[in-house]
Amino acid sequence: MDVKEIEAIQPVLPQIDHAFLRMLAGKVNSKKTIKSKAKSDFQYLNAGNMAKLSFEHANTKEEYEYHKTLQRNLGKKIIQTDLTIPMSMVNGNNKKSRTEFKDWSFDYQLTLFLSGAGAIGLLIMGMLGTHMAAINSGSPAIIENPNMAWLPTMLIPSAALAFKFIYKMMPTDLWRKLYKGFVSLGALFFTVYWVFLFGEANHGGAEINLFDTDNLGSNADQHVLTIQILADLFLGTILFLVFSDCFIRHSTEWYTDNPQLKKLKSIQSEEIDLESVHNKLSLLIQKIEEMDSAYDKHEKEVLGEFDSLTPNK
């Protein structure tokens with residue numbers, strides 16, 4: 001039954017049987033018989049609604065107590081559940097130390113290998129490109145001492161590692177995601193740009209004007225090399241971040257949101273509105289009390305009418 005159906009239930013008062021009262025006037029134990037007749041008449045008219053109210057009240061009370069206990073227990077569990085847990089507990093079964101590599105899933109093992117090899121390979125390519133540019137620069141210092149050409153190459157791995165540690169310095173997970181997104185977009189942009197420039201430079205064309213850059217044809221090779229180094233740098237950085245994330249996800253030093261807490265809050269949010277069930281239960285109690293009051297009123301009216309027929313009793 002919904003609330004509207006419950007509200008529509010109203011007690012019906014029987015008509016007083018005056019002939020029956022006159023017949024019992026002056027007889028012994030007549031009031032007991034009259035009370036029994038009044039109760040029978042009232043139940044005859046209201047038995048169906050009384051049964052509905054009683055059944056619905058029992059079910060609603062049971063439902064209310066069940067969900068009240070459930071929500072109380074959920075609240076206690078939520079309070080007692082840690083907001084965050086070590087990454088190793090999410091991606092492994094080790095709470096006290098880093099999860100062993102052999103216990104990693106195959107996806108993480110493969111990702112670690114490919115990202116590590118790719119990052120090192122890209123940084124080596126960037127270093128070789130920088131070294132070649134330094135050798136071809138014609139600088140007197142490098143001509144006199146060719147080994148100095150390796151000094152600029154150290155900027156590539158140094159910058160990639162610096163970018164990686166900037167990521168670890170981010171104060172919140174949102175900032176880290178935004179930073180990783182920035183590095184990923186940078187890697188994508190410079191890689192695509194390099195592909196177009198490389199194709200243009202090696203197609204025999206006299207000019208490269210992908211973004212309407214003026215006078216680019218005269219130093220196309222240098223421009224391609226610059227974009228290549230930037231692409232190597234950003235791609236190496238993002239691969240280093242992926243490589244690092246594989247360890248982070250199995251570490252006790254990094255924490256993540258507790259999935260158990262999220263599950264408990266999800267159950268809590270899907271719980272029924274306890275207040276609405278309480279209001280329904282209160283309405284049922286009110287209607288049952290109205291039935292009892294109506295019966296008492298009918299009984300008093302019948303007894304009053306009977307007493308008026310026997311003033312000396």
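Reader: In which helix does T237 lie?

Author: Helices are DSSP runs of H or I with at least four residues, strands are runs of E with at least two, and both are numbered from the N terminus. T237 lies in helix α9, residues 220-248. The model is predicted: local features need pLDDT of at least 70, side-chain atom pairs count only at pLDDT 80 or more, and totals for chains, interfaces and linings use all residues. Residues are numbered from 1 along each chain as its sequence is written, and side-chain values use heavy atoms, with hydrogens and water left out.

Reader: Is T237 buried or exposed?

Author: A residue is buried under 20% relative accessible area, exposed over 50% and partly exposed in between (1.4 Å probe, protein chains only). T237 has a relative accessible area of 0%, so T237 is buried.

Reader: With which residues is T237 in contact, leaving aside its neighbours within four places in sequence?

Author: Contact means heavy atoms within 4.5 Å. With neighbours within four places in sequence left aside, T237 touches A160, F163, K164 and V183.

Reader: Does K287 count as buried or exposed?

Author: K287, found in helix α11, has 6% relative accessibility and therefore counts as buried. Apart from neighbours within four places in sequence, K287 is in contact with I6, E7, I9, Q10 and L53. By contrast, L185 in helix α8 (residues 173-201) counts as exposed, at 59% relative accessibility. L185 and F234 are 49 residues apart in sequence, and their C-alpha atoms are 8.9 Å apart in space.

Reader: How is the packing of two helices described?

Author: Two packed helices are described by the angle between their axes and the distance between the axes. Axes are lines fitted to C-alpha atoms, for helices over the stretch in contact, and angles between N-to-C directions run from 0 to 180 degrees. Angles under 35 degrees count as roughly parallel, over 145 as roughly antiparallel, 65 to 115 as roughly perpendicular, and the rest as oblique. Helix α3 (residues 30-80) and α11 pack at about 170°, with axes 9 Å apart; α3 and α11 are therefore roughly antiparallel.

Reader: How does the contact of α3 with α11 divide by class?

Author: Ala, Val, Leu, Ile, Met, Phe, Trp, Tyr, Cys and Pro count as nonpolar, Asp, Glu, Lys and Arg as charged, and the others, Gly among them, as polar. The contact of α3 with α11 has 18 nonpolar, nine polar and eleven charged residues.

Reader: At what angle do α5 and α7 pack?

Author: Helix α5 and helix α7 (residues 155-169) pack at about 140°, with axes 8 Å apart, and are therefore oblique to each other. L123, G126, M127 and T130 of α5 meet I156, P157 and A160 of α7. By class, this contact has five nonpolar, two polar and no charged residues.

Reader: How many helices and strands has the protein?

Author: The protein has eleven helices and two strands. Of its 313 residues, 31% count as buried.

Reader: What is the mean pLDDT of the protein?

Author: pLDDT is the predictor's confidence in each residue, from 0 to 100. The mean for the protein is 78, and 81% of the residues reach 70 or more.
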